[in-house]
2 protein chains.
Amino acid sequence: MKIIHTDRHLGHSGHVELMNGRVVPAFEKPERVAMILKAIGERNLGPLIEPTAHGLDPVLKVHDANYIRFLSTAWQLWTEDGRDFPALPSFWRAPGMRYIEPETVDGKFAHFSFDAGCCIVAGTWDAVQAAADTALTGVDLVAGGEKTAFALCRPPGHHAHQATMGGYCFVNNAAVAAQSFRDRGAARVAVLDVDYHHGNGTQAIFYERPDVLVCNIHGDPRQEFPYFLGYADETGAGAGEGFNANFPLRWGTDFGGWSAALEAACARVEAYAPDVVVVSLGVDTYKEDPISQFKLDSPDYLKIGARIAKLAKPTLFVMEGGYAVEAIGINVANTLEGFLQG
Amino acid sequence: MKIIHTDRHLGHSGHVELMNGRVVPAFEKPERVAMILKAIGERNLGPLIEPTAHGLDPVLKVHDANYIRFLSTAWQLWTEDGRDFPALPSFWRAPGMRYIEPETVDGKFAHFSFDAGCCIVAGTWDAVQAAADTALTGVDLVAGGEKTAFALCRPPGHHAHQATMGGYCFVNNAAVAAQSFRDRGAARVAVLDVDYHHGNGTQAIFYERPDVLVCNIHGDPRQEFPYFLGYADETGAGAGEGFNANFPLRWGTDFGGWSAALEAACARVEAYAPDVVVVSLGVDTYKEDPISQFKLDSPDYLKIGARIAKLAKPTLFVMEGGYAVEAIGINVANTLEGFLQG
Ligand SMILES: [Zn+2]
Ligand SMILES: [Zn+2]
C-alpha cells in the first residue's frame, strides 16, 4: 500500500500543552512519525510517496473561512506583540456566552479553540496544510482505483470542528478526505474512527448529513476528553438522523470489550454499504499509552486491520493519535499488515 | 464606613494562571488586600470588622448546587490522584458540545470553568466562603440602616456565572449580596460594576430579571476578556428586558471617556430608583494596571466615589479587581473617600 508522507510535519515541533496544571512538551510530537516510518520500513509495507498540493478549496468545504484565515495568520498575530514562544489559548466561553470573533489575538485564540492542547508554533500552519494534502493525496490514490492507502498525517485532525481547534488538531484531515471522496463521485462515505478519543470534530462536521456515516469507538465522555461529545445517544440530526454511531467504552476496557464495539461499528458500516471507508487510525487504545486508559496490546492491532479488511471496501487510513512512542510504529504497522493480509 | 475583612482570604495563595502561553503566579494575589488595608488605615476610613457566617443558603440562591458541590470538593478531587500543586482547568467546550457534568476530575474542571485563570489551591474554598460571608455581612450592615459599607472580598466574584468559574472568580459576591438585599425586602437593587472587565457573571445571573438592574462599564469585548459577553446590545431578556446596560469602551480610554460612561450608567440607576446600590469596585481601570488598557489616574477615583455618592442611595461596595499592587490601596481609598465626602 502506498504511504503518503512529507517531512513538512517537522515544522510543528517544540509545541507545548497545559496538562495537570503545568505547561509541558506536547505528547503529540514529531518522533511519533519517525517511529511509524521505521516500523513501516522494516515490514516493507509499501512505498513512501510525497503529497501533492491541493490548495485550500477542499479544506474550506468542511471548515469555516474565518477559522482557516485565523489558522493561517495565528503565529504572525501571536508574535507581532513580541511573543517568541509557543502560542496557547487561555480563555474560552461560559455556557450562554456569545459567538462573535474578537479583534485581538488572545480573543481570537479563545474564539477558535476548546482546550489548551492546540499549540501553534512558527511551522504549524505549513504542517497543517501538508497534513491536509497528505490526506487528499490518499483520496487521489483510492479514488483512482487503489484498494487502499495510508495518509501519515501529522498533526492529527479528528478533534477539529468546522471552526474550532483542540486536542492537538487544527484541520480535520479525515473529514477533508471524506468530503473529497464525495466530491469525486462517491455517493456514500463511511468514517470509522478507532482512536481512543471521540472524534468530536468529524461527528460535528457531518452530523446533519446522510451521505457520510460516522462511527466512533472511544473512551466514555463521562470519563474522558473531549468530555462533552461522544455519548451513545448522539445519532445524528435532521437529514443526518441515524447516520452517526457512538460506541463509548469505560476506562480499563480490554480487547474483548473493544473488539465487540468494533464488530458493532463494522456491522453499521456494512449495513450502510458505503463506496469507500475512511479509517481515523489512532493507536492510543494501546495499554501503555501515557494519556489513555484502554488495554489493547500490540497483537490486537493485527486483528483490527483484518476486521476492517473484511468490510471489503476501498479504504483510506488517516493517521490520528497514539502517544506511546516506543510502540506506535509497531501498532500502526500491525494494523496495516492485518489489513493487507485480511 | 465599616470595612468587612478577614484574613481567611490568605488561604487562596500560591495560585497560578495560564497567561501568554505560560503558567505564572496569578496577578490576583493576597498582597492586593494588604495594600488596601494599609491605605484605608492611613486615611482612617473606618473600622475593620470581621464577617459573620451566613452558610451556603444565600450562595445557593444565585449558584447551582452542582457547581457549589464541585467548588467545595475540587481540591480534594484534584489531589486524590497524587497531584500536590495548584489546580487549573485545561479543557472546555467547542460550540455545539453538550452540557453534561463528567465523572472525572479534569472533566469536572472543564465543565465548571471558562478559562485557565481560576486556579484552585488547598485554601481556596475556605477563602471563597469567607468572601461570600464578607459581602453578606455588608448586606447586614446596609440593610440594617448604615448608609454604606465596604466588603473587602477576595477572591473577587463578578466573572462567576451560576455554574462557571473564570477570571479569578468562583462565587459571585456582588450577585450574592444583591440577591440578599432582595430577600431582606429591597424591591429593586442596582448593581453598578466599574471594574475594567465586564461583569459577565453578574449580568448572566440577573439577565432575565427586572428586580436587579445591572450596569457595566468595561473594556470592549471585541478587544478584552471575557470577550464573549459585554456588548452594548445586551439589554436583558424576557422579564429582564431593559434591565441590563453595558458601556463597552475601547482600549486606551481615559477618564474623559470613562466618566461619560459613568454618567450614563448613573442616569440609568437614577431612572431605576433602586432601594440600594451594590458597587462592584474594581480599580483595574488604572493607567498602570498590568493586565488592563484604560488610562485612569489615582485622583480620578475620588471623582468616581463622589459621583456614586450623588446617587444618594444606601450603597454596598464589593471589592473586585485591580492588579497594580502599588496603587490599588490608593485607588480604592480614593473611591471610598470620594464617596464619603461626596
Ligand atoms: Zn486520541
Ligand atoms: Zn477586572
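Predicted model: local features only at pLDDT ≥ 70, side-chain atom pairs only at ≥ 80, totals over all residues.
**Contacts along the chain**

**Overall form of chain A**

I then listed the secondary structure of chain A, which comes to 10 helices and 10 strands. The C-alpha atoms fill a box of roughly 55 × 45 × 40 Å along the principal axes. Does the radius of gyration of chain A agree with a compact globule, or disagree? For 342 residues a compact globule would have a value near 20 Å, and chain A has 18 Å, so I noted agreement.

**Surface and charge**

I looked up burial next: of the 342 residues in chain A, 64% are buried. The chain exposes about 10900 Å², and carbon and sulfur atoms supply 52% of that area. I also noted the charged side chains of chain A, with 28 positive and 41 negative. The centres of these two sets lie 4 Å apart.

**Zinc site in chain A**

Which residues coordinate the zinc ion (ligand 1)? I found Asp195(A) and Asp284(A), each through OD, and His197(A) through ND1. The distances run from 2.0 to 2.2 Å. Along the chain the donors follow the spacing D-x1-H-x86-D. I placed His197(A) in the loop between strand 6 (189-193) and helix 7 (200-206) of chain A. Asp284(A) sits in the loop between strand 9 (276-281) and helix 9 (298-309) of chain A, so this pair ties together parts that are 87 residues apart in sequence. Are His197(A) and Asp284(A) buried or exposed? I have both down as buried.

**Zinc site in chain B**

**Cis peptide bonds**

I checked the backbone for cis peptide bonds. In chain A, one joins Arg154(A) and Pro155(A), with omega about 0°. I located Pro155(A) in the loop between strand 5 (148-151) and helix 6 (173-183) of chain A. In chain B, the bond from Arg154(B) to Pro155(B) is cis, with omega near 0°. Pro155(B) lies in the loop between strand 5 (148-151) and helix 6 (173-183) of chain B.

**Positive phi in chain B**

Last, I looked up phi for two residues of chain B. Asn20(B) is not a glycine, yet its phi is positive, about 55°. I found Asn20(B) in the loop between strand 2 (16-19) and strand 3 (22-25) of chain B. Why does Asn20(B) count as partly exposed? Its relative accessibility is 32%, and the partly exposed class lies between under 20% for buried and over 50% for exposed.

Ala273(B), also a residue other than glycine, has a positive phi near 55°. Ala273(B) is in the loop between helix 8 (255-272) and strand 9 of chain B.

Notes
Residues numbered from 1 in each chain as written. Chains lettered and ligands numbered in written order. Heavy atoms only, no water. Helix = DSSP H or I, 4+ residues; strand = E, 2+ residues; numbered from the N terminus. Rg over C-alpha atoms; globule rule 2.2 N^0.38 Å. Buried < 20%, exposed > 50% of the residue type's maximum accessible area, 1.4 Å probe, protein only. Areas by Shrake-Rupley, 256 points an atom, 1.4 Å probe, with all protein chains shown as cover. Lys, Arg positive; Asp, Glu negative; His and termini not counted. Charge placed at Lys NZ, Arg CZ, Asp CG, Glu CD. Donors = N, O, S within 2.8 Å, 3.2 Å for Na, K, Ca; no water.
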